[in-house]
Amino acid sequence: MANAKAWIEAMRLRTLPVSVAGVLTGTGCAAYYGGFRLWPALICLLFAVMAQIVSNFANEYFDYRNGLDRPGRDGFRRGVTEGDLTPRAMRAATFGLLALTCAVGCSLIVWGGWWLIFVGIAIALFALAYSTGPWPLSHHGLGEAAVLIFFGLVPVVLTAWLQTASWDVLPVALPMSLAVGLMGANVMIVNNYRDYYDDKKAAKHTLAVIIGRPATASLYLVNGFLALLLIETATITRLPALWQLGPLVYINLHWLLWQTMRNSEGSQLNPVLGKTSMLMFGVSIWALAALAIN
């Protein structure tokens with residue numbers, strides 16, 4: 001039972017809405033253009049969640065191997081560092097799940113064609129390159145930019161395209177994908193804001209370490225307003241006024257989370273991270289409903 005709990009913790013369930021949000025939003029974009037297709041949507045959803053878990057496993061394993069974690073950290077409990085899981089088991093789980101994820105992704109070739117193999121390779125490389133390789137992205141201030149691309153731009157646009165087989169979805173899908181990406185980057189920002197002191201001590205150069213905590217908190221706020229602007233760019237002329245209550249609720253909740261974030265320290269930021277993730281998920285549910293109905 002304890003071992004199962006450690007594996008569940010390693011999946012970081014509170015962050016998984018980040019990968020779900022991109023697929024839901026992309027499906028809403030497809031539905032707006034009359035192209036909803038259930039099976040590619042479900043496979044995209046499964047693939048996205050599995051790819052994020054692979055990235056989470058890899059992050060835990062390689063940060064442990066590189067001596068960047070310490071027992072008793074403020075963030076999610078690291079099973080390998082705390083001795084709940086062996087490094088060998090985590091490494092096997094990382095690459096085993098990566099292989100299964102690639103197999104799931106290959107099934108999308110039926111709808112999208114063989115060129116998707118190259119997209120899959122890029123996603124697989126990102127899942128590992130975030131934490132390892134000659135230039136780990138998360139160690140050089142590029143974690144947020146990678147999230148913007150691989151949890152925003154890629155899943156939203158590709159999910160919409162796979163269901164419609166048309167790039168006509170881009171006027172809605174492109175700004176929505178960037179909005180989702182910025183909200184996903186905010187989840188990463190809270191994570192790195194919380195871990196600032198540990199990461200600085202370990203010489204892990206996250207964006208928060210590079211620009212400092214005050215600027216990181218400001219970036220969180222700015223990203224939320226940029227996301228709102230992008231959502232409005234995509235929807236203000238396409239949705240009835242009543243539906244714009246969704247983005248209004250979002251930006252008010254975002255403001256409240258920012259206020260909480262800048263007045264919190266250490267483990268107090270874990271709920272902020274989870275709520276930032278769930279706020280992103282809520283926006284994706286709104287986008288799916290609003291775009292599908294209208």
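This is a predicted model: local features need pLDDT of at least 70, side-chain atom pairs count only at pLDDT 80 or more; totals for chains, interfaces and linings use all residues.

Visitor: Then R194: is it buried or exposed?
Guide: R194 is buried, because its relative accessibility is 4%, which is under 20%.

Visitor: What does the side chain of R194 meet in a salt bridge?
Guide: The partner is D195, with 2.8 Å from N to O. D195 also counts as buried, at 5% relative accessibility.

Visitor: How many salt bridges does a search of the whole structure find?
Guide: The search finds 3. One of them joins D63 to K204, whose closest N and O atoms are 2.9 Å apart. This pair links distant parts of the chain, 141 residues apart: D63 belongs to helix α3, whereas K204 sits in the loop between α10 and α11. Both residues are buried.

Visitor: And E265, what does it pair with?
Guide: E265 forms a salt bridge with R213, at 3.1 Å between the closest N and O atoms. E265 lies in the loop between α13 and α14 and R213 in helix α12, so the bridge ties together parts 52 residues apart in sequence. E265 is partly exposed, with a relative accessible area of 41%, while R213 is buried at 9%.

Visitor: Changing topic: how many helices and strands are there?
Guide: The protein has 14 helices and 0 strands. Its radius of gyration is 19 Å, close to the 19 Å that the globule rule gives for 294 residues, so the protein is as compact as a globular protein of that length.

Visitor: What about the largest nonpolar core, which residues have the most contacts inside it?
Guide: That core has 47 residues, and those with the most contacts inside it include M176, Y220 and M261. Its largest share, 12 residues, comes from α9.

Visitor: Leaving aside close sequence neighbours, what is M261 in contact with?
Guide: Setting aside neighbours within four places in sequence, the contacts of M261 include I189, V190, Y193 and Y220.

Visitor: Is W114 buried or exposed?
Guide: W114 is exposed, because its relative accessible area is 64%, and the cut-off for exposed is over 50%.

Key:
Residues are numbered from 1 along each chain as its sequence is written. Side-chain values use heavy atoms; hydrogens and water are left out. Buried means under 20% relative accessible area, exposed over 50%, partly exposed in between (1.4 Å probe, protein chains only). A nonpolar core is a set of buried Ala, Val, Leu, Ile, Met, Phe, Trp, Tyr and Cys residues joined through side-chain atoms within 4.5 Å. Helices (H or I, at least four residues) and strands (E, at least two) are DSSP runs, numbered from the N terminus. Contact means heavy atoms within 4.5 Å. The radius of gyration is taken over C-alpha atoms; the globule rule is 2.2 Å times the number of residues to the power 0.38. A salt bridge is a side-chain nitrogen of Lys or Arg within 4 Å of a carboxyl oxygen of Asp or Glu.
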